[in-house]
Amino acid sequence: MDQLKSNGLEGKVAFITGAARGQGRSHALALARAGVDIVAVDIADQIPTVSYAMASREDLDETVALVEKEDRRCLPIVADVRDIHAMQRAADQAVAEFGRIDIVLANAGILITARGEQSIDEAAAAWDDGIGVMLSGVYNTVRVTAPVLVDGGAGGSIVITSSTAGLNGMHDGTGGMAAYTAAKHGVIGLMRGYAKLLGKHGIRVNTVHPMGVATPMVINPQFEEFYRGGEAMLETQPRLLPIQILDPNDISNAILWLVSDAARAVTGITLPVDAGVTTP
Ligand SMILES: NC(=O)c1ccc[n+]([C@@H]2O[C@H](COP(=O)([O-])OP(=O)(O)OC[C@H]3O[C@@H](n4cnc5c(N)ncnc54)[C@H](O)[C@@H]3O)[C@@H](O)[C@H]2O)c1
């Protein structure tokens, strides 16, 4: 941890979407341990097209309590990344509370699965929500926070959570999965554009691409039923390392490096954290 602190993280502020649980909470705690204050943004509500239980207000409060245990401040904000005005208010609130944002993690996501035939209306609803959260939501997040980093004049780091589905493609014929793959590919274009736009300000922009991670998004009865036992999907992809599923901390460790001064020359990259699944 001392090494990370000396890598320029102490005293910084991170704005994290999807921070109520799962990977977002893990990133919040890892950064807090490295001396970073946290703005924890989450919808803390259910989106009707999502079949598993999404995070609750209690989950968000638990993230706050865990960050505070690390002696860092944590500002919880309930906001839907699909709503750019709510996100603008969140960024304003973050600045009012902390005076700055140095790190942005656009992490919020949903996985809409469906069994059997979907009507075109069901497919369209799943597509809209998937693209809304994971492509428009990422744009909204970066759009409202990037000006704060630029105005701060101290550089910064933006990390967008994509997926191996953003490199390999993954589709089962449903609107939800089409949206997932399209959004996770789409954020690479967004990342590359912003890396070029913001580089002159010392702001680095990158994507991370995890394979399956043990969070409530995939560890839930609906997903297990959908993939007949829960592991069928994970086993369809050959991996080079004998790792079945990732721990959220595997992604947090990659992000800790990416946002630290140790990665000061790294921008515009798509970083797989995937046991080699996407190795050509
Ligand atoms: N779990 C996996 O296997 C896996 C693999 C690769 C990539 N990912 C990606 O990692 C990211 C984090 O997912 P996770 O695994 O921690 O899942 P998770 O379901 O545990 O956490 C996602 C969080 O995002 C929040 N969220 C969803 N929609 C939102 C919205 N519209 N506005 C604000 N917050 C919203 C949820 O409430 C939840 O707290 C997602 O982008 C996901 O697509 C997950």
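Leaving aside neighbours within four places in sequence, with which residues is Val 39 in contact? The legends below answer this and describe further close-up views of a predicted model.

**Figure 1. Surroundings of Val 39.**

**Figure 2. The largest nonpolar core and a second, separate core.** The largest nonpolar core has 57 residues. Those that touch the most other members are Phe 15, Val 39, Ile 110, Leu 111, Ile 158 and Val 205. Helix α6, residues 175-198, supplies the largest share of this core, with 11 residues. A second core of 38 residues is separate, and Val 36, Met 211, Leu 258 and Val 266 are among its members.

**Figure 3. The crossing of helices α4 and α5.** Helix α4 spans residues 84-98 and helix α5 spans residues 120-152. Their axes come within 9 Å and cross at roughly 30 degrees. Because angles under 35 degrees count as roughly parallel, α4 is described as roughly parallel to α5. The crossing of the two helices is right-handed. On the α4 side, the contact is made by Ile 84, Met 87, Gln 88, Ala 91 and Val 95. On the α5 side, Asn 140, Thr 141, Arg 143, Val 144 and Val 148 take part. Sorted by class, the contact of α4 with α5 contains six nonpolar, three polar and one charged residues.

**Figure 4. Thr 113 in the loop between β4 and α5.** Is Thr 113 buried or exposed? The relative accessibility of Thr 113 is 13%, and buried means under 20%, so Thr 113 counts as buried. Apart from neighbours within four places in sequence, Thr 113 is in contact with Ser 51, Met 177, Phe 223 and Phe 226.

**Figure 5. Ser 157 in strand β5.** Strand β5 comprises residues 156-161, and Ser 157 has its place there. With a relative accessible area of 1%, Ser 157 is buried. Which residues does Ser 157 touch, not counting residues up to four places away in sequence? They are Asp 102, Ile 103, Val 104, Leu 149, Arg 204, Leu 258 and Val 259. One of these, Leu 258, is also included in the second, separate core. A further distance concerns Leu 198, which lies 41 residues from Ser 157 along the chain. The C-alpha atoms of Ser 157 and Leu 198 are separated by 9.9 Å.

Definitions and conventions. Residues are numbered from 1 along each chain as its sequence is written. This is a predicted model: local features need pLDDT of at least 70, side-chain atom pairs count only at pLDDT 80 or more; totals for chains, interfaces and linings use all residues. Side-chain values use heavy atoms; hydrogens and water are left out. A nonpolar core is a set of buried Ala, Val, Leu, Ile, Met, Phe, Trp, Tyr and Cys residues joined through side-chain atoms within 4.5 Å. Buried means under 20% relative accessible area, exposed over 50%, partly exposed in between (1.4 Å probe, protein chains only). Helices (H or I, at least four residues) and strands (E, at least two) are DSSP runs, numbered from the N terminus. Contact means heavy atoms within 4.5 Å. Axes are lines fitted to C-alpha atoms, for helices over the stretch in contact, and angles run from 0 to 180 degrees between N-to-C directions. Angles under 35 degrees count as roughly parallel, over 145 as roughly antiparallel, 65 to 115 as roughly perpendicular and the rest as oblique. A crossing is left-handed if the near helix is turned anticlockwise from the far one by less than a right angle, and right-handed if clockwise. Ala, Val, Leu, Ile, Met, Phe, Trp, Tyr, Cys and Pro count as nonpolar, Asp, Glu, Lys and Arg as charged, and the others, Gly among them, as polar.
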